[in-house]
Amino acid sequence: MSELEFVDLSVKLGQRTLLDHVSLRLAPGEFVALIGPNGAGKTTLLKAALALRTPSSGSVRLANAEVSALDAKARAALIAWLPQHIRAEEPVTSLESVAAARYRFRESHADSRRAAARALDRVGASQYAERRVTELSGGERQRVAFACLIAQEADILLFDEPANHLDPAQQLDIYRLLGELWREGRSILCINHDVNLLHQVGDAARLRVVGLRAGKLVFDAAFDAPALPEQIGTLFGVEMESVQGSEQRFLMPRSRSKS
Amino acid sequence: MKLRSALVILGCVLLLLAAVVVGPQLEGPQGQFIIWQLRVPRVLVGMWVGATLALVGAVFQALFQNPLATSDTVGTTAGATVGALFALALDSSRTVQGLPLVTVCAFVGALAGSLLVASFASSRTAHSSDVLLAGIAVTLATSALASGIQYISDSRALFAATQWSLGQLPQVGYRGVLLLTPLCAVSCALLLLLTRSLQAFALGEDLAHSQGVNVPRLRLLALALGSLGVASCVAWCGPIAFVGLVVPHLVRRLLGASYRVLLPMSLCVGAALLVTCDAFARLIVPGRELPVGIVTAALGAPTLVFLVARGRR
């Protein structure tokens, strides 16, 4: 199993600092939820892990190598990504899109299609395998993107707000699927705005929540830590209320913090 | 879908065969000569040019994730134009190693134009949209240069330049076919080998990168191979509009679904379309031949509008 480690990582875009000396380690089989206000640098962190952003200082290590030094296919075997948006302007079918995600494998197209069909089945998208991605709804498209990620069969999975713009039922499905993949032994780093959804993942005691603001790591806590509501409140600049539900603790923003 | 593809291929083959026959009635040994020494090589040139322009158009649209991208967008055609104008301003009758100076200069110009853009594309941090902008910048700069050359040339050179810029299948005989074939064949065959990585591009460049595609290398390869093929075509025929733009969209609407279909079918349809347009050009004005570039533009523009309008419904 491989691990992902950000070592004192800084990323600059022109004069702006997007990430400011961030150190974070994702051990094999770990689940880390990454939260923070808009523009905190969450997506930049994921992109740095994929060598899509170049560090201005520090480094990103993947399986004991510098990520930018890895061969593209070797990197794709280690780490896969579900972006916030996928482009769907080319009228290719869902099945062909997912088959294309098998790029790193040396296999026949028929084998790619079989693996793609299995991945689509897993995310409950078999019924639109032959439909074009341009004709899918947002939720359907997200499932196809999820199937791409599964078909790539990488050890470490990065998610960028996987349930964004989805209805509640779809949100629950996506997070339950995340939990399944995690229990199969994969490591997961997931950007997420609504910590309450993390309950769907299961095994709450093993979840880690990391807060990022203005490019800096603010806290790194267990999901069931008593101090978490307050830490999240400070992170977003709101008063958080913790409500005990029948099975779980819900966190809700009550009002903006008085500064 | 397989049946549909087969039908389209059959249609293409029939069009190609028909194009040899279409034209004024030909009989006797003279007719035989016209068919075998003039029309057949011309159809062969038309096939390679149409196939290459259409395939490169489809590849560039995939590569730049932009439905408007063609070989014109990355400086190839603009470079060829400057080269051709330069040669025409010097002296259009000169030859280099038995080849017309215009052809040689257009080829060199096309490669130079695309090389400028490609050098930019190979940078690790450049995004496809940046490459597209670089292509447009090179095109604008070269057209300024072209205007400059036109300004200082005499009226005979100007007329020749206008003729060249209309785009026309030349009467080159089998020697032209022999020169064009290896370049276009290498360009098309190797571009088709990139299908798998281009397919990963369909959902976005960054996602393709994360799936293991070496994006800068793919971009450089596709640009170099595409430019090589297009440069050879433009050198002989001048800029032939719309084939590279319309054919991929036509195929996408008809067969869609996958680059494994889109790329090879663009090749077939492009070949058939250009040869058919050239046959039309022989027929429209009796006794005179219209430049095929006018026909492709006249047919291509409304076709594109029709396709877009239908697609929106």
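How many helices and strands does chain A have? I looked this up before anything else, in what is a predicted model.

**Entry: chain A as a whole**

I found 7 helices and 12 strands in chain A. I then checked the radius of gyration, which is 19 Å for chain A. The globule rule gives 18 Å for 259 residues, and the two values are close, so chain A is as compact as a globular protein of that length. Along the principal axes, I read a span of about 60 × 45 × 35 Å for the C-alpha trace of chain A. I noted that 42% of the 259 residues of chain A count as buried. Of the contacts in chain A with a separation of 6 or more, 61% come from residues 24 or more positions apart.

**Entry: chain B as a whole**

I noted that the C-alpha atoms of chain B fill a box of roughly 65 × 50 × 35 Å, taken along the principal axes. In chain B, 51% of the 313 residues count as buried. I took the contacts in chain B between residues at least 6 apart in sequence, and 80% of them join residues at least 24 apart.

**Entry: where the chains touch**

I counted 23 residues of chain A in contact with 20 residues of chain B. On the chain A side, the elements that give two or more residues are α2 (72–78), β6 (79–82) and α3 (94–100). The largest share, 4 residues, comes from α2(A). I sorted the residues on this side of chain A by type and got 13 nonpolar, 3 polar and 7 charged.

**Entry: an open sheet in chain A**

I traced an open sheet of 4 strands in chain A, in the order β2-β1-β4-β5, with antiparallel pairing. Which strands stand at the edges? They are β2 (16–26) and β5 (65–66) of chain A. Each has a single partner strand, so one side of each is left without a neighbour in the sheet. I then followed β1 (residues 4–13) and β4 (residues 57–62) of chain A, which pair in the antiparallel sense over 5 bridges. For A:F6, I found the bridge partner A:V60 in β4(A).

**Entry: a hairpin in chain A**

I next looked at β11 (residues 238–244) of chain A, which is joined to β12(A) by 7 bridges, the two strands running antiparallel. The strands β11(A) and β12(A) form a hairpin, with 4 residues between them. I marked A:S242 as standing opposite A:L251 in β12(A). Is β12(A) well covered or hardly covered? I found β12 (residues 249–256) of chain A hardly covered, with 0 buried residues among its 8 residues.

**Entry: helix α6 of chain A**

I tested the length of helix α6 (residues 168–183) of chain A. At 1.5 Å a residue, its 16 residues should span 22 Å; the end C-alpha atoms are 23 Å apart, which agrees. I listed A:D173, A:I174, A:Y175, A:L178 and A:W182 as buried in α6(A). The buried residues of this helix pack against β3 (31–35), β7 (156–160) and β8 (187–191) of chain A. Just after α6(A), I noted that A:G185 takes a positive phi of about 110 degrees.

**Entry: two valines in chain A**

I placed A:V123 in the loop between α4 (109–122) and α5 (138–152) of chain A. Why does A:V123 count as buried? There are 21 other C-beta atoms within 10 Å of A:V123, and a residue is buried if that count is 20 or more. Leaving out residues up to four places away in sequence, A:V123 touches A:R143, A:F146, A:A147, A:I150 and A:L177.

The largest nonpolar core holds 180 residues, and A:V98, A:A147 and B:V59 touch the most other members. With residues up to four places away in sequence left out, I listed A:A116, A:A119, A:L120, A:V144, A:A147, A:C148 and A:A151 as touched by A:V98.

Terms used. Residues are numbered from 1 along each chain as its sequence is written. Chains are lettered from A and ligands numbered from 1 in the order in which they are written. This is a predicted model: local features need pLDDT of at least 70, side-chain atom pairs count only at pLDDT 80 or more; totals for chains, interfaces and linings use all residues. A nonpolar core is a set of buried Ala, Val, Leu, Ile, Met, Phe, Trp, Tyr and Cys residues joined through C-beta atoms within 7 Å. A residue is buried if 20 or more other C-beta atoms lie within 10 Å of its own, exposed if 12 or fewer, and partly exposed in between; C-beta atoms are placed from the backbone. Two residues are in contact if their C-beta atoms, placed from the backbone, lie within 7 Å. The expected span of a helix is 1.5 Å times one less than its number of residues. Ala, Val, Leu, Ile, Met, Phe, Trp, Tyr, Cys and Pro count as nonpolar, Asp, Glu, Lys and Arg as charged, and the others, Gly among them, as polar. Two strands pair if DSSP finds at least two bridges between them. The radius of gyration is taken over C-alpha atoms; the globule rule is 2.2 Å times the number of residues to the power 0.38.
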